[in-house]
Amino acid sequence: MKHRRRPIAPDAPRPQGRRRRPRRRVLRGLLLCVCALLLCAAGAGWYFYRDLAGQIGSSRALGDGAPKSSGGATNILLMGLDSRKDRDGNDLPKDVLAKLHAGASSDIGGYNTNTLILLHVPADGGRATAFSIPRDDLVDIPGHGKDKIKKAYGLAKAAVEDRLARQGVTDHDRLEREGREAGRRAEIETVRAFLGVPVDHFAEVSLVGFLHIADALDGVPVCLKHPVKDRYSGADFPAGRQTLDGPQSLAFVRQRHGLPAGDLDRTRRQQAFLASATHKLNSAGTFTDPLRLLRLMDVAKQDLVIDEGWDLLSFVRQAKNLSGGNVRFSTLPVEGFAKHRGEDVNLVDPRKIRRLVARETGAANGGSAAPEASAGSGAASGAPRSPAGTLQPSPSSSSSAVESGSGAGGSGQTAPIIDGGGIPCVD
């Protein structure tokens, strides 16, 4: 006898368990897929981070006992070497040298730090301040005496290499490695003593790094007040806003001949380049564009050296905030000009500079990083003089120049402060 299934009325509710079970399976499957994707993304991010951290240049030049900023603020020293070699001291390929337009030999340029910028990032994540230190400032270099601040690196590097050579060391890699570490330590110590604030981290980039950065960003926009043409740097640009590729960007930041304030105007060019590059980072969506990010990572691997233990992942998050125009660039004041050992130098007042930096960074009494250096970093001749020997006005004697923290040219005019939020126009 067959049993018939009892029919269910059309409007009767169906058993709930049978209807929800497939939906639960779907939801569970979607959840698993999402978790898998998140794990893959996290794994890829961790892989790229480990890959970057493993290949980027690392240095112990800061030392374990180096003074640190308090209250969560961070001071980062950016050092741009004029060297025509790579980060390991090897000669650059001839085609790269040709793009640099900086001589046909990798031996030109030495190891001067032609770009020195202290980036102060406040603890509250507010607006950062970048202080440019003119490369020809006459300062006290520990263990050497008075000289141009840019020379601290090269002098220390050469001294260590000479000492090792006298001991019979001939290995190029060891000489270069220990020489550069000595150079970094000397430059950091000199800047720390000059400004009177701690240096928490540092980043070193070679001359070719400017070229690679611009190329990785598909060009950097700049703005010129006047057309320029300079055979020394290769700069040949019309007036107005324009986008420069790698070689053009390098010519832009290197030009000093034909500019009203010479080397001080070159400092402002460097600030304008960095302001524009950070602006491009944000406007182009670089931090959300995997291809651009990978290209920047490649630049970091081949051109950058940072202090050991710097948490790059945290800084990348911080850099994303800074790239939104949250940086204010200024040049430290120059009092006048003189000759020192036959070279043109900038005369500065270290005590005034330490007070200015302390006020802008919120460091009490100029910070605790270094003792007070002697007040006079000028030449022994006393009164500020130009390279030609004629008396010059003190460019930063006016309160406005000191208050703004900007340097000036020989005309006594106050240099403009460059804002990182747009594309500034410069000479």
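**Exercise 1. Find which residues have the most contacts inside the largest nonpolar core, and which elements build that core.**

A nonpolar core here is a set of buried Ala, Val, Leu, Ile, Met, Phe, Trp, Tyr and Cys residues joined through side-chain atoms within 4.5 Å. Next, the elements giving two or more residues are α2 (94-100), α5 (207-216), β8 (220-224), α6 (246-254) and α7 (263-283). Of these, α5 gives the most, with five residues.

A quick word on ground rules: this is a predicted model, where local features need pLDDT of at least 70, side-chain atom pairs count only at pLDDT 80 or more, and totals for chains, interfaces and linings use all residues. Residues are numbered from 1 along each chain as its sequence is written, and side-chain values use heavy atoms, with hydrogens and water left out.

**Exercise 2. Check the length of helix α3, then say what covers its buried residues.**

Helix α3 has 15 residues (152-166), so at 1.5 Å a residue it should span 21 Å; the rule is 1.5 Å times one less than the number of residues. Its end C-alpha atoms are 22 Å apart, which agrees. Now for burial (under 20% relative accessible area, 1.4 Å probe, protein chains only): the buried residues of α3 include Tyr153, Val160 and Leu164. Their cover includes β2, β3 and α4.

**Exercise 3. Is Thr129 buried or exposed, and what does Thr129 touch?**

Thr129 sits in strand β4 (residues 128-132). Its relative accessible area is 8%, so Thr129 is buried. Beyond four places in sequence, Thr129 touches (heavy atoms within 4.5 Å) Leu118, Leu119, His120 and Arg328.

Conventions: Helix = DSSP H or I, 4+ residues; strand = E, 2+ residues; numbered from the N terminus. Buried < 20%, exposed > 50% of the residue type's maximum accessible area, 1.4 Å probe, protein only.
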